[in-house]
Amino acid sequence: MHHLLLFLPLLLLLLSPPSDAIRPIPTVHSMYSEAPAYRNSPSCTPSSQIHLAMTLDSSYLRGSIAAVHSLLRHSSCPDSLFFHFITSPSDPSLSSTVRSTFPSLRFSVHPFIQETHVRRLISSSIRPALENPLNFARIYLPDLLPTVDRVVYLDSDLVVTDDVARLWSVPLSGSRAIAAPEYCAANFTKYFTDEFWSDPAMSRRTFEGRRGRPCYFNTGVMVMDLAKWRAGDYRERIERWMEVQRERRIYDLGSLPPFLLVFAGEVEAVDHRWNQHGLGGDNVRGSCRSLHPGPVSLLHWSGKGKPWARLDEGKPCPLDHLWAPYDLYVRGKRTALIDS
């Protein structure tokens, strides 16, 4: 009985309700304000769906939210947009953030079930973020979306300032499975190592017989014909190059080079306005960049620097202010809730 009395104060403490001064840490979706319900055209009757695919992960969630916001804001018929979000099986809760931020959004969530398989194929890159398995999810879209035959794939670090229906309607001629802006003035050789170019059998035969000149293109914005992709066994062809990379180190970047090895010279060209890329600076320093000449329909912060990070640090690049109007993150809300 004496021993029981000794533990009674501790027992009462454990059973007592929590103090009013203790507040739960808010959920992730409480950090974002609800987006307006855009109805951009009174005559909008979505006769067909525009399928858009993006990845969702906690590191880039703020960018994904801004990207979706920009797409809805500039679409002539927002109800025609259907989003397919690819998520890591270990991070399934992000869809609740999307739902609370965009209550009327039409979307589905697809766990990236190939994540374990992809991890075995990924080699080290010049920037750790490029080794994230979700960067390779675009390779598996035909498997993840078995009932979809055409999709626009978009990265999470961009905003669209035009009606995405114009990009969706780009024709894919012949057997071409992807369409994207090409940049033939870029130094194509720098995307591969001396190990690749010093092997004539590999470097010469890889691009023989292509219908066009092999040029650099950015895989963060692509129109993909998934039916042609399935018929062409492109997933297997990309995976074979990833296996070669693990043995011989033929490139230094992440998911881009194997796409170039398979598709360069076989891409349906799209106007450059649909991927004003590189705004995040290079993959090491992330320095400020300016726009390429010409009109702009899509701003893409590919590279190391991300606009939300630079804005929060108080060191934004000039073009980061073009991303800010689409940011739905509520600054200071997390701190206020925790300290109250």
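At 1% relative accessibility, cysteine 215 counts as buried, because the cut-off for buried is under 20%. I started from this residue in what is a predicted model.

**Entry 1**

I looked for the partner of cysteine 215. Cysteine 184 forms a disulfide with cysteine 215, and their sulfur atoms are 1.9 Å apart. Where do the two cysteines sit in the chain? I found cysteine 184 in the loop between β7 (182–183) and α7 (194–197). Cysteine 215 is in the loop between α8 (200–206) and β8 (216–217). The pair is 31 residues apart and links distant parts of the chain. I then checked the handedness. The torsion about the S-S bond of cysteine 184 and cysteine 215 is about 100 degrees, so this disulfide is right-handed. Cysteine 184 is partly exposed, at 31% relative accessibility.

**Entry 2**

How many disulfides does the count come to? I got 2 disulfides. The other one I looked up joins cysteine 288 to cysteine 317, with an S to S distance of 2.0 Å. Cysteine 288 lies in the loop between β10 (268–269) and β11 (298–300), and cysteine 317 lies in the loop between α12 and α13, so the bond ties together parts that are 29 residues apart in sequence. Is this disulfide left-handed or right-handed? The torsion about the S-S bond of cysteine 288 and cysteine 317 is about -85 degrees, so the disulfide is left-handed. I noted the accessibility of both ends. Cysteine 288 is partly exposed, with a relative accessible area of 45%. Cysteine 317 is buried, at 4%.

**Entry 3: leucine 319**

I stayed in the loop between α12 (307–312) and α13 (320–323), where leucine 319 also has its place. Is leucine 319 buried or exposed? Its relative accessible area is 15%, so leucine 319 counts as buried. I listed its contacts, leaving out residues up to four places away in sequence. Leucine 319 touches Leu279, Arg289, Ser290, Leu291 and Trp301. I also checked leucine 319 against cysteine 288. Their C-alpha atoms are separated by 8.3 Å, and the two residues are 31 apart along the chain.

**Entry 4: helix α3**

Which residues of helix α3 (residues 94–101) are buried? I found Leu94, Thr97, Val98 and Thr101. These four cover an arc of only 100 degrees around the axis, which puts them on the same side of α3. I then asked what the buried residues of α3 pack against.

**Entry 5: positive phi**

I looked at two residues other than glycine with positive phi. Aspartate 233 has phi near 55 degrees. Aspartate 233 is in the loop between α9 (226–231) and α10 (234–248), and is partly exposed at 42% relative accessibility. Arginine 249 has a positive phi of about 55 degrees. I placed arginine 249 in the loop between α10 and α11 (256–263). Arginine 249 is partly exposed, with a relative accessible area of 30%.

**Entry 6: the whole chain**

The chain has 14 helices and 11 strands. Of its 340 residues, 51% count as buried. The chain exposes about 16300 Å², and carbon and sulfur atoms supply 56% of that. Among contacts between residues at least 6 apart in sequence, 76% join residues at least 24 apart.

How values were computed. Residues are numbered from 1 along each chain as its sequence is written. This is a predicted model: local features need pLDDT of at least 70, side-chain atom pairs count only at pLDDT 80 or more; totals for chains, interfaces and linings use all residues. Side-chain values use heavy atoms; hydrogens and water are left out. Buried means under 20% relative accessible area, exposed over 50%, partly exposed in between (1.4 Å probe, protein chains only). The arc is that of the directions from the helix axis to the C-beta atoms. Contact means heavy atoms within 4.5 Å. Accessible areas come from the Shrake-Rupley method with a 1.4 Å probe; for residues, only the protein chains shown count as cover. A disulfide is a pair of cysteine sulfur atoms within 2.5 Å.
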